[in-house]
Amino acid sequence: MSDIDRQAMMEVFTFEMSQMLEQLEQIVIEAENSYNSDQINEIFRIMHTIKGSAAMMMFNNIAAAAHTIEDLFYYLREKNPNIPDNSKLTDHVLESMDFLKDELTKIQEGDNPDGDPAEVSAKISAFLTEIKAANNDGPAAAAEEPAPPKLLEKAPDMVLENAAQNEPKLDLSSIDGLRTYSATLTFQEGCEMENVRAYTLIYYLKNMVHDVQYQPEDLIDEASIPAIRANGFKMEITTDKDYDTVYNYLSSTVYANEVFLEEITAAKDTVPEAPAQALPAAQAQAAPAAPVMAEAPAPYAPAAGADEKAARPDKEAEAEAAIHAASRKAPVQSMISVNVSKLDNLMKLIGELVITEAMVTQNADLERLRGQHDLESFDKEARRLRKIIQDMQETIMSTRMLTLSPTFFRMNRVVRDMCKQLGKDVNLEIVGEDTEVDKNIIEQIGDPVMHIVRNAIDHGIETPDERRAAGKSPRGTITLEAKNIGNDVIISISDDGKGLDKEKILNKALNNGLLRKAPAEYTEKEIFQFIFMAGFSTNENVTSYSGRGVGMDVVTKNLEVVQGTTSVDSIQGEGSTFTMKIPLTLAIIKGMTIKIGGEKFTVPIDAIVNSFFPKRKDMFIDPNGNEMITYYGEHLNVVRLCDFFDMPEAARDVEDGIMMIIQNGDDRICLLIDELVAEQSVVVKNLPKYMKKVPGLSGCTLLGNGDISLIIETAAFFDR
Amino acid sequence: MSDHYDYDVALDDDELQQPGNQAALDLHLVFQIEDEFYAINVSEVADILPYGKIRKVPKTTDYVKGIWNIRGDIIPIICVRSKFMKPEKEIDFETCIIKVQYEEYSLGLIVDRVIGVETITAAQITPPPSAKLSYANQFIKAIGRPDTGVRMILSMERLIF
């Protein structure tokens, strides 16, 4: 197999494995204290699949670890024993899962997964023995029952039905157009597990040919490996496909080295009666029946397939499932996995398309023509084009949207582990996990959410005793909530713990020399903001979870990448709420282009409530110098954008300008601007990294004529 | 951009890319600010463009003149004159923007006039005087003395940060 093929398989493998591990974790946490048979089956199935695909990819340590867990759950499934300590079972499973995860990370980072599974395996095995002992099912008793799927260090257990030997033979020669080929396939040296690879090949081959026999027959037995290595894997294939098709199919086998394929024309007339001791090439039809192939080969007619399948031993079906999963060829697929870079590229292209559309429809040449000709037809088609581009853009955006549920549900594990270790009792409530956000954003918020949850458990929630003393229910609650507001996603994490200690934070800030003004002048919000600074932790004791002062600054850093903001609200004794506000997508927004002092700016349309011509008589100024306006009985603060951006050229008299009401959550303010230009979709580009963050600007965009417009960050005008 | 043109650089890109091409390493782009001549290594130069309208960005340092759109790339523009604390000069037909690439930053430098590409060999380069007398002196990495005259070789890092 070429490197590229392996790369592709590797991607599928890591993708699947991480998904399965996530699923597994979910099941285990859900089950926690009582495993029902569905859950046991599911865990067994997942472990089996992991084992199979890991063995395929030659990650023997992963396969071995998965195997021991599979053994354990096989026993649980078959014997349905009383489990003495359910939570211990959960611990063990989680521990081995961590091992698998670590190995997976190594693979993803391009390292060799070289962890030693012996330790986890030993623990699981010991636990299995324990359960057996508790159920009076000692080694003696265990020996009688059908042995659990025996794994062989490397290969998934597989049994091929050479059992169907007694079936009546189908007269293949009666079917027109059938040809028989003899094939010998050699594997590349050092590819390992030739028997498994051969099994896989046969498995698929059966679906496309009428009959196939092979040698060595017992592929389950590792003893067949040397034979395959020495003589190659020999097959006799009866099919209606032509030579090239068969040859190409065989050559495409993973790790195939050489393929010898020969059509046995004679076979058609004489019926493939025990062909040859060695099938290679020419002597095939002439040679006498050889001992190895002596039994009449069992044809695998498609019609007989279904019954046979049903009759097959369970284990086989499982092996089949493993192979199915490993090769991702589920019969009906409504989902496909796509490389993210392709989606990124698509996103970039649609961005270009949006700009180009504007360049075409606002072209200067066109404007010149407009004076002389009637462009009605052009305009109509241009509108249609814009509509299609818009739909396309929405569709592309939606392909990148993922729900937050994996991110949220992962926290179950964090909560569980920490509670166990810290002796706290916390209930995690999850609300709005179906909220969808852009994939890039999901990647950035996983860590922040985790750090905040950790912090909430470690610093926020008290121990059950403390809680009882404070008159609260001994069980703490952490609520993870996500919702959409306008163009933003709001993720809030609230706990009912002891809340933030303002004094403590202020003192710590004082000691670290972070204060810039007199301590008394700091508002609550400003004080809480300190906890997001690097190296800031008020926890006296460093625990394994938090206290080292890393963590909360990760929150701010990650959120900055996606242009999100964080804020904290806290009432001492009642708990705290961390709120993260993140723009839904980063790439394309609908904006209103406006002019201030001759320069163009873009305001996101979702923030705009409406615009109106202000009257001088409606304006008034409070003693602090804040300008306000009365609009339909409502009093709104006014921000003159020209002052905010230090642009002296703009309109000074309010009656020369336009008021634009913008909102942020429930708050509204008025912006004074010079002129409204047009509404259009714009592609958001970040300001060059070299420039410092300018308050009030979130980025820039290119307009149809190539001009740059700066995008106004409306949130900056609130909470000042 | 139709109004964009390239100055002919003595060697084409392929030749420049060749490792160990000493002739390429010695090439410097020479430009003029007031009466002085400055040089930067061509490896740091991405493009030379005529001055165009720059979009001002509010609340930035005064030597950052704004941002500019070069074929879809938005780059910040720095005025070398104001960085050197020299009075600004009116834009004329000789004013150029040199697009430079330093580490992950891409930016444009406004200069009075581009002279061209000159070869300054290692033998012709001497370290700058140790005493930092003038403000602009801190931007200078070395002094080159090719046959054409004195060229102050700028340190890109110190120039843009």
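**Figure 1. Strands β1 and β4 of chain A run side by side in opposite directions.** In this predicted model, strand β1 (residues 179–187) of chain A is joined to β4(A) by 7 bridges, and the two run antiparallel. Look for Phe187(A): its bridge partner in β4(A) is Ala256(A). Helix α9 (residues 243–251) of chain A packs on the sheet, where it touches β1, β3 (233–239) and β4 of chain A. The direction of α9 makes about 160 degrees with that of β4(A).

**Figure 2. Here is the whole open sheet of chain A, with its 4 strands.** Reading across, the order is β2-β3-β1-β4, and the pairing is antiparallel. Which strands sit at the edges? They are β2 (211–215) and β4 (256–263) of chain A, each of which pairs on one side only. From one strand to the next, the twist averages 20 degrees. As a reminder, strands of a sheet pair through backbone hydrogen bonds, either parallel or antiparallel.

**Figure 3. Two helices of chain A pack against each other.** Helix α3 (residues 60–79) and helix α5 (residues 118–134) of chain A have axes 9 Å apart and meet at an angle of about 10 degrees. Angles under 35 degrees count as roughly parallel, and α3(A) and α5(A) are therefore roughly parallel to each other. On the α3(A) side, the contact includes Ala64(A), Ile69(A), Leu72(A) and Tyr75(A); on the α5(A) side, Val120(A), Ile124(A), Phe127(A) and Leu128(A) are among the residues involved. Sorted by class, the residues of this contact are 9 nonpolar, 3 polar and 1 charged.

**Figure 4. Chain B has an open sheet of 6 strands.** Follow the order β8-β1-β2-β11-β10-β9, in which the pairing is mixed. The edge strands, β8 (113–119) and β9 (125–126) of chain B, each pair on one side only. Within the sheet, β10 (residues 140–144) and β11 (residues 151–154) of chain B run antiparallel and are joined by 4 bridges. Ile143(B) has Met152(B) of β11(B) as its bridge partner.

**Figure 5. Chains A and B meet in this view.** How many residues does each chain bring to the contact? Chain A gives 17 residues and chain B gives 15 residues. On the chain B side, β4 (64–70), β5 (73–79) and β7 (105–111) are the elements that give two or more residues. That side has 9 nonpolar, 3 polar and 3 charged residues.

**Figure 6. Some stretches of chain A call for careful reading.** The mean pLDDT of chain A is 75, and 78% of its residues reach 70 or more. Over residues 139–174 of chain A, however, the pLDDT is below 50. Residues 327–331 of chain A also stay under 50. Where pLDDT is low, the predicted coordinates should not be read in detail.

Key. Residues numbered from 1 in each chain as written. Chains lettered and ligands numbered in written order. Predicted model: local features only at pLDDT ≥ 70, side-chain atom pairs only at ≥ 80, totals over all residues. Contact = placed C-beta atoms within 7 Å. Nonpolar A, V, L, I, M, F, W, Y, C, P; charged D, E, K, R; others polar. pLDDT = per-residue confidence, 0-100. Axes fitted to C-alpha atoms, helices over the stretch in contact; angles between N-to-C directions. Parallel < 35°, antiparallel > 145°, perpendicular 65-115°, else oblique. Pairing = 2+ DSSP bridges.
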